Amino acid sequence: MLCSILLVSLVFGLSIQVIPTEFALAEDNPNVQIIKRGDPAMAKAHEKSQKGLDAFLEKLSNPPPGTENYNVKLGFTDKAKGVALTTDQMAQGVEFMWVSRIQRSGDHFTALLGDTPEYIHNIKSGDRVEFTKSDIFDWLYVENGQVKGNYTVCPLLLAGPKEQLEEYRVKYGIVCD
């Protein structure tokens, strides 16, 4: 149980990826990482995520024993009323955040926003979000205490302090290539 809590903390602790280069790193929130729009490492992580998405969704529909904490990462932008979703890494003003407690109805999903937005103003932690498969940027779940998926954590860790990368490698077995 403690391991699951630590892994969920890892997921949400490094989960916010803010792409807009016009924003500085939030000084009061060291877990927010700025990744340049079009970053090649993040593009590769997204591509890797997409390759495993169907298998993830299959497990989400019928979770095998020993799996828990299914989450997906979505890209949010403010609009006049509410938010819009995007996977476009080149778009201005996108904040990528994790949602959990995913429910599926055919090709449509709902989930609860698990992060606290830093730059997006029309949504808050705990709000219900509707999305489709094409909106999913990354995914993860925990299987027997090990995080599966969460490909975008490596570019985030690589953008941060080297000590943090080593700490997460040792604690959680995260290996970034």
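K48 lies in helix α2, which spans residues 40–61, where helices (H or I, at least four residues) and strands (E, at least two) are DSSP runs numbered from the N terminus. The model is a predicted one, in which local features need pLDDT of at least 70 and side-chain atom pairs count only at pLDDT 80 or more, while totals for chains, interfaces and linings use all residues. Residues are numbered from 1 along each chain as its sequence is written, and side-chain values use heavy atoms, with hydrogens and water left out. The protein chain has an average pLDDT of 80, and 78% of its residues score at least 70, pLDDT being the predictor's confidence in each residue, from 0 to 100.

With a relative accessible area of 40%, K48 is partly exposed, a class that falls between buried (under 20%) and exposed (over 50%), as computed with a 1.4 Å probe on protein chains only. K48 and D138 are separated by 90 residues in sequence, and their C-alpha atoms are 8.7 Å apart in space.

Strand β8 (residues 136–143) is largely enclosed by the rest of the structure, because seven of its eight residues are buried. Strand β3 (residues 67–78) runs antiparallel to β8 and is joined to it by six bridges, two strands being counted as paired if DSSP finds at least two bridges between them. Within this arrangement, E68 stands opposite V142 in β8, and V142 stands opposite V147 in β9. The pairing of β8 with strand β9 (residues 146–149) is antiparallel and extends over four bridges. In the hairpin of β8 and β9, two residues lie between the strands, and N144 takes a positive phi near 50 degrees.
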